[in-house]
Amino acid sequence: MSKRLLTDEEREIWSWQLDVEGFGDAGQERLKAATVLVSRVGGVGSAAAYELAAAGVGRLILAHGGLLQPSDLNRQLLMTHDWIGRPRVESAARRLKELNPRLDVVTIAEQITVENADELVGMADCVVDAAPLFQERLAMNDAAERLGRPVVEAAMYELEASLTVIHPPGTLRFRDLVPEVPAGWQRRFPVFGAVSGTVGCLAAMEAIKLLAGFGEPLFNRLLRLDLRTMDSRVVALR
Amino acid sequence: MSEPAFSGDDCPASGVAEPYVRLALTGPLRRSAGVQHVSVPCNLQMTLGELLERLRVLCPATAAQLSPGAATPGGHSALPAGLLVLRHQQLLPADPEFAVAAGDQITLMPMISGG
């Protein structure tokens with residue numbers, strides 16, 4: 001991963017995280033030089049993108065189609081009520097730029113498909129997968145495997161959250177876990193924003209660790225949280 | 001939430017005196033079943049495929065999610081796509097012929113995709 005030197009102003013903005021052991025100026029410079037693809041910017045992706053912007057990632061590519069619906073507002077934290085009926089991804093870009101005006105945001109007003117996955121994944125150093133459909137996750141992971149990009153797999157259902165990092169050949173492939181679209185998965189799922197936001201923040205931290213090169217990402221391990229009971233487990237996948 | 005398949009914490013098979021495999025359900029599987037734990041009677045051992053078939057019978061609302069995945073190259077039917085099976089927190093092979101035994105605690109953990 002390349003680096004971009006920090007200005008004095010940037011060093012001041014991120015001064016509190018520069019003190020994190022193992023991160024420092026070198027880590028911050030790597031974040032500044034990095035590009036992350038976030039798909040989509042719903043409940044999980046909004047929180048992830050917001051934390052990545054706050055942390056100083058240089059460029060975010062946001063892929064999310066459709067117009068903002070009232071029912072999005074319980075969890076999609078980059079959307080606002082006055083934006084209903086307008087493109088979701090534009091609302092997300094606007095809010096991220098308010099937080100971090102230095103951020104370069106690329107908006108793609110469509111979902112990830114097998115047709116566009118290679119191009120979009122190829123533009124990024126790392127992918128945060130927060131898509132609600134397994135078809136999108138499979139397309140994104142297939143492209144990432146071809147291109148050698150790591151994917152932070154973040155998902156939730158009701159009060160459960162799931163997180164792992166896929167980066168073959170060092171890890172399992174996503175298709176080793178999900179060979180095909182599972183039967184019975186439904187597009188609409190029960191969700192509190194506090195749950196999707198929790199796993200979105202955790203996903204951002206995994207991406208930051210990958211990009212800055214510190215800590216121990218969830219390679220070949222799957223974190224599963226049950227916020228109903230606050231039980232957590234880490235499953236060894238290999 | 002849809003009506004639970006069974007009232008109380010467990011499906012009707014629980015509480016029986018015979019040996020059993022204790023199942024913990026998570027995610028959409030738990031929601032479909034309407035319960036978190038199911039006790040499946042088991043004499044000595046059974047395969048994962050047989051265990052899932054018993055669960056389908058005990059909790060019919062799980063049937064769609066437990067339908068077998070695409071056949072393996074060897075022609076054997078696979079476990080349901082995206083279903084992780086843990087025994088005492090250890091991930092088991094996605095092999096319907098894998099044996100489990102009476103007294104095992106098995107967690108069925110479908111991969112989830114809510115974003």
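Predicted model: local features only at pLDDT ≥ 70, side-chain atom pairs only at ≥ 80, totals over all residues.
Reader: Hey, how many bridges join strand β1 (residues 20-25) of chain B to β2(B), and do the two run parallel or antiparallel?
Author: There are 5 bridges between β1(B) and β2(B), and the two strands run antiparallel. Strands count as paired if DSSP finds at least two bridges between them. Helices (H or I, at least four residues) and strands (E, at least two) are DSSP runs, numbered from the N terminus.

Reader: How much of chain B is buried?
Author: Buried residues are 41% of the 115 residues in chain B. A residue is buried if 20 or more other C-beta atoms (placed from the backbone) lie within 10 Å of its own, exposed if 12 or fewer, and partly exposed in between.

Reader: Switching to chain A: how many residues of α4(A) are buried?
Author: In α4(A), 12 of the 13 residues are buried, so to speak mostly covered. Among them are Gly43(A), Tyr50(A), Glu51(A) and Leu52(A).

Reader: How far does that helix reach?
Author: α4(A), residues 43-55, reaches 19 Å from its first C-alpha to its last, close to the expected 18 Å. The expected span is 1.5 Å times one less than the number of residues. After α4(A) comes Gly56(A), with a positive phi near 100°.

Reader: At what angle do α4(A) and α5(A) pack?
Author: α4(A) and α5(A) (residues 88-99) pack at about 30°, with axes 9 Å apart. That makes α4(A) roughly parallel to α5(A). Angles under 35 degrees count as roughly parallel, over 145 as roughly antiparallel, 65 to 115 as roughly perpendicular and the rest as oblique. Axes are lines fitted to C-alpha atoms, for helices over the stretch in contact, and angles run from 0 to 180 degrees between N-to-C directions.

Reader: Which residues of α5(A) meet α4(A)?
Author: Ala92(A), Leu96(A) and Leu99(A) of α5(A) do, and their partners in α4(A) include Ser46(A) and Tyr50(A). Contact means C-beta atoms, placed from the backbone, within 7 Å.

Reader: What about α4(A) and α9(A), what's the angle there?
Author: α4(A) packs with α9(A), residues 193-212, at about 45°, and the axes are 7 Å apart. That makes α4(A) oblique to α9(A). Gly45(A) and Ala48(A) are among the α4(A) residues in this packing, and Gly197(A) and Ala204(A) are among those from α9(A).

Reader: Where's the cis peptide bond involving Pro169(A)?
Author: That bond joins Pro168(A) and Pro169(A), with omega about 10°. Pro169(A) sits in the loop between β6 (160-166) and α8 (174-177) of chain A. Pro169(A) counts as exposed because it has 8 C-beta neighbours inside 10 Å. Another cis bond runs from Ser39(A) to Arg40(A), with omega near -10°. Arg40(A) is in the loop between β1 (35-39) and α4 of chain A.

Reader: Last one: is Met230(A) buried or exposed?
Author: Met230(A) is exposed, with 8 other C-beta atoms within 10 Å. Met230(A) has a positive phi of about 65° although it is not a glycine. Asn220(A), also not a glycine, has a positive phi of about 55°. Asn220(A) is partly exposed, with 16 other C-beta atoms within 10 Å.

Technical notes: Residues numbered from 1 in each chain as written. Chains lettered and ligands numbered in written order. Contact = placed C-beta atoms within 7 Å.
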